[in-house]
Amino acid sequence: MALLLLTIFLLFFALASTCVNALVKNAKTASPSADVQVDQIIHTVKIHDYGLVSINDTLKLSSKDENGVLLQNFSIGFPFKYGVNLDYCFAYDASNPDEHFEVELDTGLGGQIGFYGVNVVFPGVNISNGESYNLTVIFVFSNLVSYEIGTFNLDFPMYPSLVQNASVCNVTAILPPDANCTDSTFHERGLIFNLTTLDHSQILKHTKSPLDSFSYEPAWLTFSIDEEPPLRVFSLINVHEIKREIKLDQWGGIQLLDSYYVTNRRPIMSNIRLLLPKDAYDVSARDEFGYISALLQEERWTITFKTALAKDEEGKFTLTYRLPWKKYVNQHDWRDYYLNFSFFEEVDWTIRKLEVSITLPEGAEFQSSKPLEPSSVKKGVFQETITFAFFNVTPFQDLNFNLAYRYLAFWASFYATLWMGIIVIAACAIALIWRAPKPPQIPTILAPPEDLRSFVEAY
């Protein structure tokens, strides 16, 4: 009986702990729809070069309670089918874009099936009666744009999905430069929209009032691009992996080697345009068959392949170049150095895996890196290599960093001193051998031929 009671007690305790944890989690991730109302939403969909799509949702929130409300979290989402295309999501106060909030991914949306939701966690925002608060949530997607028979197709969520109604939702779709919209959900459903042009980009605007809760509205849009001159080619690629090797030598030089692994998603791709670090020189490119063309055009480097990539064909190539030391490395005292650099330049694609390795000068010692810590530090006999690894890197992430290391100047002459020492030692050894006393010579006694002949005959 005692054993049975103990078992029941332990089972009850475990179930109670599980229920408490579930309640705590639900309290953290639940959207405050009962206390907060959405007065306005600005839903901006932008198509970037290489097919990247960003959705900017700026929401104007106010309190339903006359006494105000303490906003601690807010949920927003979209139809679940777009979840596999989400690469990055971040949120911030619309008045302070530099301070990002915590974002919990794939939390669901009010317990409803068919939605992908994210929960934005606040440090605590007090919305008083009659006041409002502007929240911005940005979603970054890939592979929402496809190519078919001369036109590009965009599949995107028409409206954001919320657990409460919104008074008004202003939808804006921004096309790439020199693109022309040929058809869309706006045309098919007979929706009222405005078509304008700004900086060579067409902009479609539509207003939905009111926007019902749990809106589920997948939409599509087709556009074409007049790809003349060739620099305006709208490419579609998947970037699987990029490896960047940065080598700092003891003579004040910075050498870089970038390795790319990509897949073409258009019928044919003969070149690719890249942005390299500022003031790069001695640039050369290679693919699997040898050297290929690398030309600087309009502040970007155009890499032309020897053999164009067909649709869904994978390609690999490398770039090697050098950078000026004084522009990227600062010396604070006689031994402390700081490398101010970017893990990678801002490009309109998602890098599935980015690996950056930094090899310090011989004799240098790694101290620290900000804002991120390295994934590994490999120490050799005279050199150290620091490696960083990232996944799903988008142009909306800050990849700037500062790396500190210590280095003594005499290491620059290490090999010269070593070789000179070897030469001096060898010269001293030769001199000692040359000046060493020679052994005394043994006198040679000549024997007459007659004696040698008689000796042989006697033997």
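Predicted model: local features only at pLDDT ≥ 70, side-chain atom pairs only at ≥ 80, totals over all residues.
**Salt bridges, strands and one surface patch**

Let's start with a contact. The side chains of Arg406 and Asp336 form a salt bridge, 3.2 Å from N to O. This pair connects distant parts of the chain. Arg406 sits in strand β29, Asp336 in strand β24, and 70 residues separate them.

How exposed are the two partners? Arg406 is partly exposed, at 32% relative accessible area. Asp336 has 15%, so it counts as buried, the cut-off being under 20%.

β24 covers residues 336–342, and β29 covers 400–406. The two pair in the antiparallel sense, over 7 bridges. Take one of the residues: Ser342 has Asn400 of β29 as its bridge partner. β29 also pairs with β26, residues 365–370. That pairing is antiparallel too, with 5 bridges. There, Ser369 stands opposite Leu403 in β29.

Back to the charges. The count of salt bridges comes to 7. Which residues share partners in one network? Arg244, Asp258 and Glu345 do. Let me take the two contacts in turn.

First contact: Arg244 with Asp258, closest N and O atoms 3.0 Å apart. Arg244 is in strand β16, residues 237–248, and Asp258 is in strand β17, residues 254–264. They are 14 residues apart. Both Arg244 and Asp258 are buried.

Glu345 is buried, as is Arg244.

Next, a sheet elsewhere in the chain. It is open, with 3 strands in the order β3-β7-β6, and the pairing is antiparallel. Which strands stand at the edges? β3, residues 69–79, and β6, residues 102–104. Each has a single partner strand, so one side of each has no neighbour in the sheet. From one strand to the next, the twist averages 25°. β6 joins β7, residues 115–127, through 3 bridges. Within that pairing, Val103 stands opposite Val120 in β7.

Last stop, the surface. Phe455, Val456 and Tyr459 make a nonpolar patch of about 450 Å². Val456 belongs to helix α5, residues 449–458. Is Val456 buried or exposed? Its relative accessibility is 57%, so Val456 counts as exposed.

To recap the network: Arg244, Asp258 and Glu345 are joined by salt bridges that share partners. Thanks, over to the group.

Conventions. Residues numbered from 1 in each chain as written. Heavy atoms only, no water. Pairing = 2+ DSSP bridges. Helix = DSSP H or I, 4+ residues; strand = E, 2+ residues; numbered from the N terminus. Axes fitted to C-alpha atoms, helices over the stretch in contact; angles between N-to-C directions. Patch = residues over 30% accessible without salt bridge, like charges linked within 9 Å, V, L, I, M, F, W, Y side chains within 5 Å. Areas by Shrake-Rupley, 256 points an atom, 1.4 Å probe, with all protein chains shown as cover. Salt bridge = Lys/Arg side-chain N within 4 Å of Asp/Glu carboxyl O. Buried < 20%, exposed > 50% of the residue type's maximum accessible area, 1.4 Å probe, protein only.
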